[in-house]
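Here are my notes on this model, written as numbered points. Keep the structure open beside you and look up each part as you read.

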Amino acid sequence: MKKKFIAGALALSMVLAGTGYAYWTDALNITTSASTGNMDLQFMDLGLLAQYQNEDQGWSIIDGIGDTGMTAASYFERGTNYNKIAADGTIDNYYAKADGYNDVSFDAKLVDPSELQVTIGDYKAKAGVKISDSIEVSLENIYPGYAQAFRTDVGNVGNVAAKLSKMDITADGEDAGNLKDMIGVAFLAMRECCEKGNGKVTGLAEYFDEDDIFTMGGVDFVRLSAFENQNKEEMKFLNDTLFVVNSKNRMDFDWAIAMDPDAEGVYTTGSTSVNNTENNDSDSMNKAITIRMNFGWDQFNEGVSDAKIPANILKNQNKIK
């Protein structure tokens, strides 16, 4: 009997030796929610120059008609009806005024517009204001000595600020003749801010030589041919920031298209006192050209270096280099 009891005790000890031990547990958790914003630049308030009383200086069209040879900027004034390019009836009135002098026609429109969904300064959300990222302008039957000006506002309907960084102007046409030399562009971007007033962002003619420019109505126009030879790296447009929504900051874009009078007969026969018969006027008559102005925008902090930003304590986790 004694021997059997000892054997049983040894067997039980072997079973106990195989069991584990219980212990306490706990956990911590960090949850981070993050969403991304957006940057979305849009044209709005497209019109002829000018729509407002504070833009009524100078000309809107240079046409050679009448004593002044121009149509004043205030002619097409239409106030805050943002979805019209001119006051009702004024374009037809202009055509009537020009009847017998020219057969020019013109239009400007936002391409595939949508409704503004956020408030930008005076532009109220969901109030019928149209926006688009593309503008289409048509000018028909213009002639040497004709110029016409337009304007639009640019707003950021996103929530990350942007800056104007690049502008490319190109022109092409299957039957353009010498229009690249005779037609020119003027452009001015202004930052509009209720607190600081308007401030120049960038102009165009300042980047070109005198040979690339002709002047009408006190405005320098850059010939389309000059853009093909211009070193675009020298054209620095990193001059200002277009702020986010709920700000009254936006940019005004003013631009004009003109055809060189060329009375000296550089590209045409010129005036009768010059009569340069070495040129052929048919090179600029009944021709057509398409002008494209493309604007590039960067996020406001593009190009900002972190070299001057001091490291915080997290640098202690960095990989040893």
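1. Let's settle a word before anything else. A pocket here is an open set of grid points with protein on both sides within 12 Å along at least five of seven lines, and its lining residues have an atom within 4 Å of a point. Keep in mind, too, that you are looking at a predicted model.

2. The largest pocket holds about 1400 Å³ of space. Its lining is made up of 40 residues, and V137, S138, I289, T290 and I291 are the ones nearest its centre. Two or more lining residues come from each of these elements: β1 (41-48), β7 (135-140), β8 (147-156), β10 (183-192), β15 (250-259) and β16 (290-299). Which element gives the most to this lining? That is β16, with seven residues. Sorted by class, the lining has 24 nonpolar, ten polar and six charged residues.

3. Next, the overall picture. The protein has 321 residues, and 38% of them are buried. Take the contacts in the protein with a separation of 6 or more: 73% of these are between residues 24 or more positions apart.

4. How many of the residues of β8 are buried? Ten of the ten are, so β8 is largely enclosed by the rest of the structure. In a regular strand, the side chains alternate between the two faces of the sheet. You can follow that along β8: A147, A149, R151, D153 and G155 point one way, while Q148, F150, T152, V154 and N156 point the other way. The residues on both sides are all buried.

5. Who pairs with β8? As background, strands of a sheet pair through backbone hydrogen bonds, either parallel or antiparallel. With β1, the pairing is antiparallel and covers six bridges; within it, L48 has F150 of β8 as its bridge partner. Strand β2 (residues 59-62) also runs antiparallel to β8, joined by two bridges, and I61 sits opposite Q148 there. Then there is β15, which pairs with β8 in the antiparallel sense over eight bridges. In that pairing, A149 stands opposite A256 of β15.

6. Stay with β1 for a moment. This strand is mostly covered, with eight of its eight residues buried. Besides its pairing with β8, β1 pairs with strand β6 (residues 130-132), antiparallel again, over two bridges. To find the spot on screen, look for M44 opposite I131 in β6.

7. Back to β16, the strand that gives the most to the pocket lining. It belongs to an open sheet of three strands, ordered β14-β9-β16, with antiparallel pairing. The edge strands are β14 (241-242) and β16, each of which pairs on one side only. Between strand β9 (residues 162-172) and β16 there are ten bridges. One place to check is K163, which stands opposite D298 in β16.

8. Is R78 buried or exposed? You'll find R78 in the loop between β3 (70-72) and α2 (90-98). Its relative accessible area is 9%, and buried means under 20%, so R78 is buried. The side chain of R78 makes a polar contact of 2.4 Å with the side chain of D45.

9. D252 is another one to click on. This residue is in strand β15, and with 6% relative accessibility D252 counts as buried.

10. Last stop, T202, in strand β11 (residues 199-203). The relative accessibility of T202 is 1%, so this residue counts as buried. Its side chain and that of Y207 are joined by a polar contact of 3.3 Å. T202 and L188 are 14 residues apart along the chain, with 6.1 Å between their C-alpha atoms.

Key:
Residues are numbered from 1 along each chain as its sequence is written. This is a predicted model: local features need pLDDT of at least 70, side-chain atom pairs count only at pLDDT 80 or more; totals for chains, interfaces and linings use all residues. Side-chain values use heavy atoms; hydrogens and water are left out. On a 1 Å grid over the protein atoms alone, a cavity is a set of points where a 1.4 Å probe fits but cannot get out, and a pocket is an open set with protein on both sides within 12 Å along at least five of seven lines; lining residues have an atom within 4 Å of a point. Grid points are joined across faces, edges and corners, and a volume is the space filled by probe spheres set on the points. Helices (H or I, at least four residues) and strands (E, at least two) are DSSP runs, numbered from the N terminus. Ala, Val, Leu, Ile, Met, Phe, Trp, Tyr, Cys and Pro count as nonpolar, Asp, Glu, Lys and Arg as charged, and the others, Gly among them, as polar. Buried means under 20% relative accessible area, exposed over 50%, partly exposed in between (1.4 Å probe, protein chains only). A polar contact is a pair of N or O atoms within 3.5 Å; within protein, one must be able to donate a hydrogen and the other to accept it, and residues adjacent in sequence count only if both atoms are side-chain atoms. Two strands pair if DSSP finds at least two bridges between them. Contact means heavy atoms within 4.5 Å.
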